[in-house]
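Please look at the chain below.

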Amino acid sequence: MHIHPSSPNSSPSSEDDAAARIQAGFRGYRVRKQLKQAKKMKETKSQNGSSGDSSEKRQIEEESATKIQAGIRGFLVRKRQKLEKDAAVKIQANFRGFKTRKDLHDKRSL
């Protein structure tokens, strides 16, 4: 069952998940665009006969480090979201159990 995000029954976590997916998609798009531009620059330099100098090597190292950092950040965000979701599920389960026990107790006392 799909619930529209603006409906009163929608949960904040589903909206957060949607926002996280949109942000991840945009970040991926931006990184792919940057990599494509870097590849074009590299091809242009190789066609012009420029040799691999230290600035090109440094740029590659920086791009690699950025990619690693983005991966780690994504991992940490997903890990935090999972912990928060698990905590919410636990709270909901405890409340449902409490409510069920209370309802059974009320039925017995009648």
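The report starts with the overall build, then turns to pockets, aromatic pairs and salt bridges.

**Overall build**

This is a predicted model, in which local features need pLDDT of at least 70, side-chain atom pairs count only at pLDDT 80 or more, and totals for chains, interfaces and linings use all residues. Residues are numbered from 1 along each chain as its sequence is written, and side-chain values use heavy atoms, with hydrogens and water left out.

The protein chain has two helices and zero strands. Helices (H or I, at least four residues) and strands (E, at least two) are DSSP runs, numbered from the N terminus. Of the chain's 110 residues, 4% count as buried. Buried means under 20% relative accessible area, exposed means over 50%, and partly exposed lies in between (1.4 Å probe, protein chains only). The accessible surface is about 10200 Å². Carbon and sulfur atoms own 58% of that surface. Areas come from the Shrake-Rupley method with a 1.4 Å probe; for residues, only the protein chains shown count as cover.

**Pockets**

A pocket is an open set of points on a 1 Å grid over the protein atoms alone, where a 1.4 Å probe fits, with protein on both sides within 12 Å along at least five of seven lines; lining residues have an atom within 4 Å of a point. Grid points are joined across faces, edges and corners, and a volume is the space filled by probe spheres set on the points.

The largest pocket has a volume of about 1000 Å³. It is lined by 29 residues, and the closest to its centre are A20, A24, G74, V77 and R78. Two elements give two or more residues to this lining: α1 (12–47) and α2 (54–109). α2 gives the most, with 16 residues. By class, the lining has seven nonpolar, ten polar and twelve charged residues. Here Ala, Val, Leu, Ile, Met, Phe, Trp, Tyr, Cys and Pro count as nonpolar, Asp, Glu, Lys and Arg as charged, and the others, Gly among them, as polar.

The second largest pocket has a volume of about 170 Å³. V31, Q34, L35, A38, E63, T66 and K67 line it. Its largest share, four residues, comes from α1.

**Aromatic pairs**

How many aromatic pairs does a search of the whole structure find? It finds two. Rings of Phe, Tyr and Trp (its six-membered ring) pair if their centres lie within 6.5 Å; planes under 30 degrees apart count as stacked, over 60 as edge-to-face and the rest as tilted.

The rings of F26 and Y29 have centres 6.1 Å apart and planes at 40 degrees, so this pair is tilted. Both residues lie in α1, three residues apart, about one turn of the helix. F26 is partly exposed at 47% relative accessibility. Y29 is partly exposed at 45%.

The rings of F95 and F98 have centres 6.3 Å apart and planes at 40 degrees, so this pair is tilted. F95 and F98 are three residues apart in α2, about one helical turn. F95 is exposed at 52%, whereas F98 is partly exposed at 46%.

**Salt bridges**

Side chains of opposite charge can pair when their charged atoms come close. A salt bridge is a side-chain nitrogen of Lys or Arg within 4 Å of a carboxyl oxygen of Asp or Glu. The count comes to three.

| Salt bridge | Closest N and O atoms |
|---|---|
| E62 and R58 | 3.5 Å apart |
| E84 and R80 | 3.5 Å apart |
| K82 and D86 | 2.9 Å apart |

K82 and D86 both lie in α2, four residues apart. K82 is exposed at 52% relative accessible area, whereas D86 is partly exposed at 39%.
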